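Reader: I'm new to this one. Could you walk me through how to read it?

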Amino acid sequence: MTAIARAALLAAALACLAAPSVAQVKLTPGFTNPKITFWNRKDDGPYWTTTDGGKPMAASRTKVRDGMVKRRVLEEYGEFLSPLHLPRTLRIMASDCNGGDFDSPYYSRTDKAMTVCYSYVGLTEQMADDVTRNTAKVKRWIPTTREQLVAGEFAATVLHETGHALFDILEIPVFGREEDGADQVEAYLALQFGTDIARTIIKADAYFYEWTTTDPKTFTGFSDPHDVDSQRMYNLLCIGYGGQRAAFQDLVTSGWLPKERADGCDKEYAQLDRAFQRTVGPYIDQAQMAKVKARKDWFLAAELKDK
Amino acid sequence: MKRMSRMAMLALAAACACLTAAPAMAQLPKPSQTQSQVYTSPFLDPYLPASDRKLAPIRDKLKELHVLEELQAFLQPLRLPREVKVVTDQCGTQRRPYASGQPITICYEMVEQLLEMAPKIYPQNQQYQKDTVVGGFIEAALHETALAIFDVLQIPIWGRAEDAADRVSALIMVELGEDLENAAMDATIDLFRNSSEKIWTGTDFARTGSPDAQRFFNFVCIAAAADPDRYGKYLGKYDGDKTSGVIVPWDRSRSCMDGVSKYDDGAACNDDFHKCYKAVRAGTEFDQIRKAFDLAIMPYVDQDALIKVRATDWLNWKPGK
């Protein structure tokens with residue numbers, strides 16, 4: 001064994017010792033689903049202290065990981081998905097992904113697993129700081145708070161990946177671009193749990209794209225299978241406005257969502273509603289969904305406030 | 001670009017050549033037992049008048065070539081729950097997007113634009129110019145037809161409907177044989193690649209459609225997975241690949257050709273995924289749209305009629321044959 005390998009092993013061992021043990025996740029009674037499981041790794045439980053490849057996670061991720069464990073983020077996500085009748089099991093986990101500073105959560109078709117990356121949460125906090133400090137980097141179209149942005153962006157990203165998981169596991173025919181479809185799933189789900197949650201999730205993700213966007217200057221800048229960030233932002237705002245016009249009226253009055261686009265948003269939402277009801281709706285246990293909707297603790301009160 | 005002798009290829013359109021039986025999709029309307037489909041009215045001239053003197057010759061040429069009759073003939077295998085009329089018209093703009101209950105409309109202005117663009121793309125080659133016009137016409141007709149199919153079959157659409165129509169168009173182009181593929185896909189790629197559309201900025205991104213550049217990559221991605229020998233030349237084989245002809249960056253190329261992560265580890269594939277494209281088709285964007293088509297549209301295609309369509313020499317098609 002080389003010195004480097006020994007050092008790596010030692011670091012991994014230390015990381016494991018330092019991290020809280022969450023080998024057994026405990027779910028809220030009445031919100032379990034045998035097809036929604038957690039990808040546990042030794043004493044880490046589903047909150048891995050390594051990268052996906054098994055290398056020790058960066059020390060800077062410890063705080064984020066601890067916060068996620070304490071908040072029961074993955075457990076709550078699993079409980080939130082409990083109404084789904086899935087023909088195949090979906091696994092949920094968190095890790096340091098590829099070990100990069102900006103790793104984005106992802107769904108793996110091969111593993112049927114959804115992974116939340118610690119570094120992405122850190123990026124979200126950076127975004128929330130920039131937006132709420134009112135820097136020149138991003139315009140404050142409508143009021144928001146740091147808590148709202150961090151929590152909303154996390155939920156938005158997880159819901160986006162849920163879209164990919166649903167397309168794959170339910171074998172849903174996807175005629176448009178899948179990434180756009182996953183954005184639609186995210187926005188649609190955000191709108192099903194009341195005005196406050198809808199605004200928190202959609203605003204946070206729209207601000208995230210406002211913050212990250214760099215409009216392509218060249219032809220190849222449009223090559224990504226995702227829409228350009230600005231497109232994603234307007235799509236989200238449009239679905240929000242189309243689905244809950246009164247709740248999102250300030251998007252239009254502030255000028256964030258151009259009126260030309262806003263006028264057709266009810267139709268865009270109707271198309272999305274049809275698609276969801278036809279392709280995902282039959283897999284939802286409505287009684288369990290009613291229980292999920294009745295629960296009011298998905299977000300903290302502070303995370304749902306605009307100011 | 002393979003040469004095309006006439007506009008006839010147009011209609012191969014929505015009668016996709018995928019012959020594998022597809023599972024029926026729950027809750028879709030039942031396929032009609034009648035012959036209802038895309039049609040031209042037997043009572044009214046579907047080549048609507050062009051009052052613009054520049055467009056009148058285009059209208060006359062389309063009528064002389066019987067392009068709509070041929071479209072109707074090629075779409076014969078489709079069994080739709082209700083009829084969809086198709087016309088050509090002076091629209092006042094290059095496109096009149098399909099709207100539910102309205103006819104599929106091919107605008108003379110769109111053909112005029114193709115006639116203007118083709119010499120700019122191939123200034124020295126008149127045959128290529130003609131092929132570009134023909135292929136562009138096919139793409140436009142397929143796109144509007146796809147939107148009509150979505151509407152009539154009440155197909156749930158994830159993503160933008162306009163992108164979905166492009167993807168179905170691309171699938172039909174690559175699934176109906178080399179002639180259509182070469183004509184329509186080559187022209188589509190050329191037209192989007194040479195688009196005069198300005199790069200989008202600011203609130204341009206609030207539009208409901210996709211910029212031409214994005215549409216270009218969507219078409220190439222499907223074409224390359226379906227026919228790597230012909231269209232793989234556009235794809236970067238490694239990060240920063242500057243090989244002549246390469247337009248699609250490595251990240252998207254991998255997405256086009258390798259949608260399954262387990263193949264990422266294959267050194268041979270990473271060196272040159274053209275060598276192993278057959279193995280990695282599953283999970284590609286091409287595979288995804290083909291599965292969607294098989295699931296949601298193929299149940300409405302009459303297989304016997306489809307065989308007849310495939311057996312017909314459409315390049316030499318004439319009315320009444």
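Predicted model: local features only at pLDDT ≥ 70, side-chain atom pairs only at ≥ 80, totals over all residues.

Reader: How many residues of chain A are in contact with chain B?

Author: Two residues are in contact if their C-beta atoms, placed from the backbone, lie within 7 Å. Here, 34 residues of chain A are in contact with 38 residues of chain B. On chain A's side, α6 (178-190), α8 (229-243) and α11 (265-279) each supply at least two residues; helices are DSSP runs (H or I, at least four residues), numbered from the N terminus. The largest share, 5 residues, comes from α11(A).

Reader: Which residues touch the most other members of the largest nonpolar core?

Author: In general, nonpolar side chains in soluble globular proteins tend to be buried together. A nonpolar core is a set of buried Ala, Val, Leu, Ile, Met, Phe, Trp, Tyr and Cys residues joined through C-beta atoms within 7 Å. Buried means 20 or more other C-beta atoms within 10 Å of a residue's own, with C-beta atoms placed from the backbone. The largest core here has 173 residues, and A:Leu237, B:Val220, B:Ile222, B:Ala223 and B:Ala224 touch the most other members. Helix α4 (residues 126-152) of chain B gives the most to this core, 13 residues. Beyond its neighbours within four places in sequence, B:Ala223 is in contact with B:Ala170, B:Val174, B:Met185 and B:Tyr231.

Reader: At what angle do α4 and α5 of chain A pack?

Author: Two packed helices are described by the angle between their axes and the distance between the axes. Axes are lines fitted to C-alpha atoms over the stretch in contact, and angles run from 0 to 180 degrees between N-to-C directions. Helix α4 (residues 118-132) and helix α5 (residues 146-169) of chain A pack at about 140 degrees, with axes 9 Å apart. So α4(A) is oblique to α5(A) (under 35 degrees is roughly parallel, over 145 roughly antiparallel, 65 to 115 roughly perpendicular, the rest oblique).

Reader: And A:Leu236, is that buried or exposed?

Author: A:Leu236 is buried, because 26 other C-beta atoms lie within 10 Å. This residue sits in helix α8 of chain A. Setting aside neighbours within four places in sequence, A:Leu236 is in contact with A:Asp183, A:Ala187, A:Ile202, A:Asp205 and A:Ala206.

Conventions:
Residues numbered from 1 in each chain as written. Chains lettered and ligands numbered in written order. Buried ≥ 20, exposed ≤ 12 C-beta atoms within 10 Å, placed from the backbone.
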